[in-house]
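Let's take a walk through this model, one contact and one surface spot at a time. Keep the structure open next to the text.

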Amino acid sequence: MTFVRDVECWLSGPADPAEFPYPAVVAEYLRVGKHFVTKDVLAALDHARAKLPVGSGPGLLRLRRFLDIALDKWDGCYDYHTYLALPILAAPTGAAPDEAARDRDRRLLHLLVDLIQFELAAHSGATDLLPVQRPDRARLAKRLRLAVRAARPALARCHPDRRVTVTDPLAAADDLRAAVEVTDAERLDLRLSMLPVYVIHDEYLFIRVLQMYESTFALLVVLLRAARTALAGGSAALATGHLVRATEALTEAGPLFSLLATMQPESFRTFRAYTEGASAIQSHSYKLVESLCRTPDPDRLGSAAYRSVPEVRRQVLGGQATLDQAYRRAVDGGLLTPAARTLVADRMGGFAAALTTWRRTHHRLAVRMLGEAPGTGYTEGTPYLGAVRSLPVFRTVPPAPPGEPSAGPAH
């Protein structure tokens with residue numbers, strides 16, 4: 001097999017990460033799907049991983065992460081994070097809110113543009129990858145229109161001088177692709193973060209949308225932590241500013257559900273048969289968002305929801321401070337004026353409403369795609385989502401009524 005010979009050739013040299021045959025590896029995975037990669041291919045990759053030199057340079061770190069992701073089923077550690085290749089797309093650690101927001105905007109645009117490129121290539125016949133159950137032209141046009149719509153807020157912030165004004169979906173998608181710049185390193189990470197389990201066309205869309213939501217929740221974690229810190233210091237203005245940005249980020253991500261809804265239910269039901277062991281219940285970033293708002297109730301903390309994210313559970317059991325606690329202490333300690341207290345509660349309520357809307361939309365889409373079928377990752381599927389969609393986000397303040405977001409940025 002050519003692929004195996006490429007890996008063996010690489011191993012015969014100095015094993016330079018920059019020379020690793022990424023294109024051949026990714027092409028093989030896309031040709032058959034991760035679930036169906038043959039044992040000789042997996043053994044060759046495992047041998048390559050064992051021969052990696054010691055070190056922590058960016059190229060070596062990328063290769064090590066990629067091989068761990070490519071070999072997750074071989075290793076018996078396949079889960080939601082390896083399915084989405086999240087270690088490759090990880091946001092910078094310790095980023096300040098502004099930096100985290102810029103990183104999320106750029107990542108969102110890159111993922112959307114990559115999705116558009118794949119859809120256009122498949123439509124034009126420029127690629128034969130993931131050939132099964134491709135969408136018809138009407139579904140494709142709707143998908144591209146929604147992708148451009150989802151990109152507009154981030155595009156306006158990252159490239160205020162570049163706009164997509166044409167109305168034809170295919171032309172607009174092509175204009176968006178031309179408006180967004182991607183470096184060689186970023187392009188490589190995009191390639192390495194797409195290892196679907198099967199050869200169904202719509203799995204590409206599914207993976208990219210989930211990666212976009214993970215990027216959004218990673219930003220929310222940064223913003224909620226910053227709001228918690230600001231409240232602990234009695235700064236209502238800073239706290240409300242972070243909460244408004246968090247609400248806006250989650251609201252702006254709403255159209256991604258519409259984009260995901262263009263996935264064909266029969267396609268989803270086909271490829272999900274090979275994703276057993278991976279479920280969004282294992283999302284660290286989502287559980288961090290939830291647990292930063294308030295401490296989960298004991299029964300939820302002891303359930304599969306949190307036992308699926310042991311690192312987050314340990315943080316909670318270790319006394320992780322929450323926004324609920326910070327707000328209550330700021331009020332009890334006299335750190336907030338009555339007006340500031342009302343304003344902070346309003347912004348917290350706005351975020352709670354946005355998160356509750358996200359949960360309910362998630363549940364509706366899951367029911368549309370799956371009905372009452374069990375979930376992957378050994379979860380209960382849509383009944384689980386239905387049970388948790390109305391969990392209180394905060395205990396100290398109620399959510400804003402539906403359709404009534406928080407009053408806007410604090411000045």
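## Two residues with positive phi

Glutamine 133 sits in the loop between H7 and H8. (Helices here are DSSP runs of H or I with at least four residues, strands are E runs of at least two, and both are numbered from the N terminus.) Its phi is positive, at about 55 degrees, even though glutamine 133 is not a glycine. With a relative accessible area of 31%, glutamine 133 is partly exposed. For the labels used throughout: buried means under 20% relative accessible area, exposed means over 50%, and partly exposed is in between, with a 1.4 Å probe and protein chains only.

Alanine 85 is another non-glycine residue with a positive phi, near 55 degrees. You'll find alanine 85 in the loop between helix H6 (80–83) and helix H7 (97–124). Is alanine 85 buried or exposed? Alanine 85 is buried, at a relative accessible area of 2%.

## A word on the model

This is a predicted model, where local features need pLDDT of at least 70 and side-chain atom pairs count only at pLDDT 80 or more, while totals for chains, interfaces and linings use all residues. Residues are numbered from 1 along each chain as its sequence is written, and side-chain values use heavy atoms, with hydrogens and water left out.

## Salt bridges

Side chains of opposite charge can pair when their charged atoms come close. A salt bridge here is a side-chain nitrogen of Lys or Arg within 4 Å of a carboxyl oxygen of Asp or Glu, and the structure holds 24 of them. One is between arginine 143 and aspartate 202, whose closest N and O atoms are 3.0 Å apart. That pair links distant parts of the chain: arginine 143 is in helix H8, aspartate 202 is in the loop between helix H10 (184–192) and H11, and 59 residues lie from one to the other. Arginine 143 is buried, with a relative accessible area of 1%, and aspartate 202 is buried as well, at 0%.

Glutamate 181 and arginine 162 also meet in a salt bridge, 3.0 Å from N to O. Glutamate 181 is in the loop between helix H9 (169–179) and H10, and arginine 162 is in the loop between H8 and H9, so this pair ties together parts that are 19 residues apart in sequence. Glutamate 181 counts as partly exposed at 45% relative accessibility, and arginine 162 counts as partly exposed at 26%. Aspartate 184 and arginine 187 make a salt bridge at 3.3 Å, N to O; they are 3 residues apart in helix H10, so about one helical turn separates them. Aspartate 184 is exposed at 63% relative accessibility, whereas arginine 187 is partly exposed at 39%. There is a network too: salt bridges link Asp46, Arg49, Asp68 and Asp75.

## Aromatic pairs

A pair of aromatic rings is described by the distance of the centres and the angle of the planes. Rings of Phe, Tyr and Trp (its six-membered ring) pair if their centres lie within 6.5 Å; planes under 30 degrees apart are stacked, over 60 edge-to-face, and the rest tilted. The count by this rule is 18 aromatic pairs. In one of them, phenylalanine 206 and phenylalanine 271 are tilted, at 5.3 Å centre to centre and 55 degrees between the planes. Phenylalanine 206 is in helix H11 (residues 203–232) and phenylalanine 271 in helix H14 (residues 265–271), so the pair ties together parts 65 residues apart in sequence. Phenylalanine 206 is buried at 13% relative accessibility, and phenylalanine 271 is buried at 0%.

Phenylalanine 257 and tryptophan 358 make a tilted pair too, with 5.5 Å centre to centre and 45 degrees between the planes. Here the partners are in helix H13 (residues 255–260) and helix H20 (residues 338–370), so parts 101 residues apart in sequence are tied together. Both phenylalanine 257 and tryptophan 358 are buried. Ring pairs also join Tyr78, Tyr83, Phe206, Phe268 and Phe271 into a cluster.

## Out at the end of H18

Leucine 317 lies in helix H18 (residues 310–317) and counts as exposed at 55% relative accessibility. Its C-alpha atom is 10.0 Å from that of proline 296, 21 residues away along the chain.
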